[in-house]
Amino acid sequence: MPDEPLEPVLTGTLIVDAIEGRFARVERENGATEDWPLASLPCGVREGDLVRVTVDGGDLEMEIDHEATRARRAQAQQDLDTLNAASPDGALDL
């Protein structure tokens, strides 16, 4: 029996930049931002979450990558702490 050709599997990530009402602004891997219906994203998604997207054949799956989200938030906090440390009073003025 000949092997059937494998269907392409597409993967990617989205970052939830903001949630307002029934829409979420997401940032795609190429840096483009789009407004998506909140209902199209995984249940419980929050601002700052990283969402893994997989398209396998005709099936679309999305899941929140909690570990990657925690790592991104920790890195952002570390970056902010570094910026604040350079300020004489310990807080960054914008």
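## Thr13 and its surroundings

Leaving aside neighbours within four places in sequence, Thr13 is in contact (heavy atoms within 4.5 Å) with Glu27, Arg28, Glu29, Leu50, Val51 and Arg52. This picture comes from a predicted model, in which local features need pLDDT of at least 70 and side-chain atom pairs count only at pLDDT 80 or more, while totals for chains, interfaces and linings use all residues. Residues are numbered from 1 along each chain as its sequence is written, and side-chain values use heavy atoms, with hydrogens and water left out.

Thr13 lies in strand β1, residues 9-20, where helices (H or I, at least four residues) and strands (E, at least two) are DSSP runs numbered from the N terminus. With 17% relative accessibility, Thr13 counts as buried, a term that stands for under 20% relative accessible area, whereas exposed stands for over 50% and partly exposed for values in between (1.4 Å probe, protein chains only). The side chain of Thr13 also makes a polar contact with the side chain of Glu29, at 3.1 Å; such a contact is a pair of N or O atoms within 3.5 Å, of which, within protein, one must be able to donate a hydrogen and the other to accept it, and residues adjacent in sequence count only if both atoms are side-chain atoms.

## The nonpolar core

The largest nonpolar core has nine residues in all, namely Leu14, Val16, Ala24, Val26, Leu41, Val45, Val51, Val53 and Ile64. At least two residues of this core are supplied by each of β1, β2 (23-28) and β4 (50-56). A core of this kind is a set of buried Ala, Val, Leu, Ile, Met, Phe, Trp, Tyr and Cys residues joined through side-chain atoms within 4.5 Å.

## Helix α1

The buried residues of α1 are Ala68, Thr69 and Asn84. What covers these buried residues includes β4 and β5 (59-64), while the face of α1 turned away from its buried side carries the exposed residues Glu67, Arg70, Thr82 and Ala85. At the start of α1, a side-chain oxygen of Asp65 comes within 3.3 Å of the backbone nitrogen of Glu67.

## Leu60 in strand β5

Leu60, found in strand β5, counts as exposed because its relative accessibility is 54%. Leaving out residues up to four places away in sequence, Leu60 touches Val53, Thr54 and Val55.
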